[in-house]
Amino acid sequence: MTTGLVLFTRDLRVRDNPALAAAAREHEQLLPLFVLDDHLVTAAGERRQAFLADALHDLSGSLGGLAVRRGETVAETVKLARAVGAHTVHVADDASVFAQRRVRRLSEVIEVRVHPSTSVVPLDALPTTSGGAYRVFTPYWRVWRTFPRRAIEAPPRVTLPDGVDLGVLPDARDSQWRGGEAEGRRRLRRFLVDGLGAYGGDAPELADGASSGLSAYLHFGCLSPLEAAVLGESNDRFVRQLCWRDFFLQLFAAHPSLERDDLHAPRYAVRDDPERLEAWREGATGIAIVDAAMRHLNAEGWLPNRARLIAASYLAKSLRIDWRHGAAHFAEHLVDADVASNAGNWQWVAGTGTDTRPNRMLNPERQAARHDPDGAYVARHSDS
């Protein structure tokens, strides 16, 4: 009886999980594993750690058990594979330097099968005519939307090997966010019924309920981005947002320094202004819409996309403070802090990234008038 090992990373679900489905087809027994790697856990804030704990508990319940180890991912994976006689490790693809290095190091000592899972279209499936990654969104969107979709994988039946010490799941924590596939699918169903039809329509973007609220579940892989795209295909604007996510992932995979180095040279000198930077972080700039966005972020660990753009543009373009400071603050506080999207969007706003109009500046007062015309968003996140 053969045993395969499935290393879960950012694919914390059983439905439409290509790594899990392939392993189930190829092996009679499977050992699902998640490694709480110090490199990643220490970099995650309290909110992301709480969300992850929820997601792992939910995943363990769906699988009938989940091995959990603490330590360095490659060493713990190889040790457990050898203990159960598994000769193959199945893992989802990912764009980060850490993920790619993890696969290379695993491949040196054991067979590794990498499966497309973190994006709608596989990360390397759409090179430009010159062979590189796309740096402009519109041509990427044109080829992305016509690329053939793989079949959505049904949840497989999983048989765990006997006698394995599964370890201890991280303690559940109180949080405003409930993580896991069950909660993600509940939110997706609600959005498809109540929110998809109006998404991206005429309603102000900062209106209550204007966002899908799915970003954290996509970031942790509690939801399949492919399934979300297929189920939401009737709304082109929703699907376009999923394409933006893929766009930044393929860019990050090709340019691993995206999170720290300018993709294009900046067009202006940045300022070192610690006092204004701190006021921005605290939501005390005196610009109502910017302050509301920053108080919202700090209180809840999430922001609608329009609020992110307004707050980021004010820091990078109005104050001319280095975008890396803003990206670091977002990464610290956001539950859905995806490195590729965070860095890609910040560079887009700062004019050093993929925006074809690098001098674009969002006027916060005009943005507020258009996207929060009745002041409801500012009122909800007032400091009074």
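Let me begin with a helix pair: helix α4 (residues 73-84) and helix α5 (residues 97-107) pack at an angle of about 40 degrees, and their axes are 10 Å apart. The axes are lines fitted to C-alpha atoms, for helices over the stretch in contact, and the angles run from 0 to 180 degrees between N-to-C directions. Helices here are DSSP runs of H or I with at least four residues, strands are runs of E with at least two, and both are numbered from the N terminus. The crossing of α4 past α5 is right-handed, a term used if the near helix is turned clockwise from the far one by less than a right angle, left-handed being the anticlockwise case. On the α4 side the contact (heavy atoms within 4.5 Å) is made by T73, V74, T77 and V78, and on the α5 side by F98, R102, R105 and L106.

A word on provenance: this is a predicted model, in which local features need pLDDT of at least 70 and side-chain atom pairs count only at pLDDT 80 or more, while totals for chains, interfaces and linings use all residues. Residues are numbered from 1 along each chain as its sequence is written, and side-chain values use heavy atoms, with hydrogens and water left out.

By nonpolar core I mean a set of buried Ala, Val, Leu, Ile, Met, Phe, Trp, Tyr and Cys residues joined through side-chain atoms within 4.5 Å, where buried is under 20% relative accessible area, exposed is over 50%, and partly exposed is in between, with a 1.4 Å probe and protein chains only. Not counting residues up to four places away in sequence, L66 touches F8, P32, L33, F34, L56, L59, S60, L166 and L169.

Next, the charged pairs. How many salt bridges are there? The count comes to 22, taking a salt bridge as a side-chain nitrogen of Lys or Arg within 4 Å of a carboxyl oxygen of Asp or Glu.

One of them joins E153 and R25, with the closest N and O atoms 3.2 Å apart. These two are 128 residues apart, since R25 sits in helix α1 (residues 18-26) and E153 in the loop between α6 (137-144) and α7 (181-194). R25 counts as exposed because its relative accessibility is 59%.

In another, E26 and R113 bring their closest N and O atoms to 2.8 Å. E26 lies in helix α1 and R113 in strand β5 (residues 111-115), so this pair ties together parts that are 87 residues apart in sequence. E26, at 38% relative accessibility, counts as partly exposed, and R113 is partly exposed with 29%.

Finally, consider D355, in the loop between α15 (339-350) and α16 (364-371). Is D355 buried or exposed? D355 is buried, because its relative accessible area is 9%. Its side chain reaches the backbone nitrogen of R357 at 3.0 Å, and a polar contact of 2.7 Å joins the side chains of D355 and R360. A polar contact is a pair of N or O atoms within 3.5 Å; within protein, one must be able to donate a hydrogen and the other to accept it, and residues adjacent in sequence count only if both atoms are side-chain atoms.
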